[in-house]
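Subject: Structure handover

Hello,

Here is the structure you asked about. My notes on it follow below.

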Amino acid sequence: MSDLAIDIRKVVKRFDEHVAVRELSLEVPRGSVYGLLGPNGAGKTTTIRMILDVLLPDAGSIAIFGRPNTDYGVLDKVGYLPEERGLYKKMQVRRVLLFLAELKGMRAADVAPRIDEWLERFSLVTPEKNWGDAKIDELSRGMQQKVQFIATLLHDPDLVILDEPFSGLDPINAQALKDAVLELKRRGKTVIFSTHVMDNAEKMCDSVCIIARGEKVLDGSMTDVKRNAGTRNVALGLTGGARNGVTEVLRDSQLVRKFDDTNNYFELELAPNADAQLLLRRLIDAGASIERFELMQPSLHQIFLQRVGAAGVETGMSGHG
Amino acid sequence: MGNLGKLFVVAKREYMERIRSRWFIVMTLLVPAIFAGAMLFPIYVAARSSASGSALRNIAIVDATGTGLGEQIATTLRTDTTLGPATDSIAPRVVVTTPADLPAKERELQAQVAQPNSLIGYLVLTDSTLTGNLARYAGRNASTINDIDRLRTIVRQEVMIARLQREGVRADVVKDIATTTFRLKSERITERGRSGSGTGGFLAGIIVGVLLFMSIVFHGQNVLTGVLEEKSTRVAEVVISSVKPEVLLAGKVLGVGGVGLTQQAAWLGITAYLMSFVTPILTKGLTGPAAAAASDQFGGGFATISMATIALILVYFIIGFVFYASLYAAAGSMANSEQEAKQAAAPVLILLMSTWLLVQTILVNPNSKLAVALSWFPWSSPIIVPLRIGLTTVSPFTIAGSIVVAILGCVGAVWLSARIYRVGMLMYGKKPSFGEVAKWIRYA
């Protein structure tokens, strides 16, 4: 078995004259939470649809757990929550869930008890009402979102793909979704989600890929992405100001490129390849009384703006990312 | 899970959800009721009109001929079984009079008829009746064509008997000749031999044609709305991420087709039951040629349909349905709203209607060049060939050939539809132009 949940190589997708995805390569490690980031119209949804064999790539290859995604049964192990959500309106909740699970190759007898479990877990079964027996269009929007989420996970997929999962969620449901993603990770599942909200991605992802105009801008583990993002600053607070030995440490050009002194508070820019931990140790050795030592990494949002910029959003593009 | 398993899951959902719907139940029960009603109505009318014939027994006969003709007519009216069982309880009253007293008697009877719950009318027999010219009738049922017709026949018959007797012909011979009834029974001759009544086959042919056409239109539209629902609720994307669009399309067509077959079986079953159950009740007391004609017309036609014919009709239904339903599915996948769907489905409907409009011509002459030609096009053969089988003899070569051509047409339609469907299901927003759809077919 491959260590990669998804291995995309040089995938191309054209629509008429417009190239939606060009020579995109991605590697999603097994068991990770992976963020597919990019502005609207960047090619996120197109990429996801190609992973799911909903769209056929014009060139390139896509493997899921080491097997081509067109192989029999490979996609049965994938759960998908599309950006555009919706279910059969006139159908009973329980029957919709059963149908979608059966399409993933589950046996009806195995699914039925799981449906009950999930409905209870999402409080769709209450002492007053069992929403499992209601028709979809009798449910509130929030409840429909829950049902759709259950449908994504009901067949216990090893790989879960969520396209813009946070759009349209209220804060409570958004938190529930975050918890659910983390639980999936704990259970060894791989989760990929696309978003243009960097804040969510920064908090949840182990690895990210930023794409714009159908091309990869950068990818890698969150730590690598941040480390490679360039400048690293340290906010330093000292009780009683800098003593002699301390100033010497701060003047070491191997460690600090430049620093800004405001008596008790310092803003340092680390020298290239300098280790922040070494700096901290040196400061303590020099007898500094440290009140605050904070590594100020640029936020994903800043990196995104810096790398993609306003130019990354193609004008006139609309619809799906 | 393989494609076949998923095909079954999709078909099962389509089938079960539709069978469960209220509409299905209403339609399944309503249509046979209408069908049976339409077929039973003529029988009912026949039965009713003969029942009202008993009104003729409640008349007065004013006989001014002086020959006892009135008495003869009264006896015949009383015993004629087409007016209901022979009875003595209501018998025509004979008033023998002279030509001089006639106006007074008439006035008297007129007053009686005018009162409710008394005499229905009166018949006046004079010398000119005996010469074969004229009898008069006045009564409340004078506008009831059936009654007047019946009365005229009886009077004519009795006058004829009286005149023949006067010419010296023996009474029993006269009776025998005068009451001759005549019925023309038509039978169709095919290569397999004689097979049932001609009109029955005609009727059965029409019914099969109507049924096929209606089912294809109705359930084809069902496929269209089903596809449109999946697209507009956006559930399509989740489904297509689990099953190939071609499999989804095929499962849908199969599932809805299954509903169509179930419904037709129910329709035929219920209609047959209603007919067999209700006909005897309606035709009770109806004997002689009328009843025979009725049962001939309705029962006979269906009795002549062999199992082989039923199997053929089934094959043609399946082919025709798959052909049109897949085109309807493609139309549904192109559209974003009911309105657009109707427009997109217009070419399909035109194809279907063009066939339907020619059905009448083919009913009149099922062996015409047109009929033969239409048996070879995949869009018309599923309706035309079963119709012709019901009306005439279609050669096995034509049947086999048309099935092969129609199946090839189906493969083409499904292939084309699957390509349109694959792209169309995920295209939202603008309605595609023909050029764009052509592009989908090429690139899908």
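Among contacts in chain B between residues at least 6 apart in sequence, what percentage join residues at least 24 apart? For chain B that share is 74%, where two residues are in contact if their C-beta atoms, placed from the backbone, lie within 7 Å.

This is a predicted model, in which local features need pLDDT of at least 70, side-chain atom pairs count only at pLDDT 80 or more, and totals for chains, interfaces and linings use all residues. Residues are numbered from 1 along each chain as its sequence is written, while chains are lettered from A and ligands numbered from 1 in the order in which they are written.

Confidence: the model scores ipTM 0.78 and pTM 0.72. The average pLDDT of chain B (the predictor's confidence in each residue, from 0 to 100) is 80, and 82% of its residues score at least 70.

Fold: chain B contains 18 helices and 6 strands. These are DSSP runs, numbered from the N terminus (helices H or I, at least four residues; strands E, at least two).

Interface: 17 residues from chain B and 22 residues from chain A make up the contact. On the chain B side, α1 (3-20) and α9 (235-240) of chain B are the elements that give two or more residues. α9(B) gives the most, with 5 residues.

Regards
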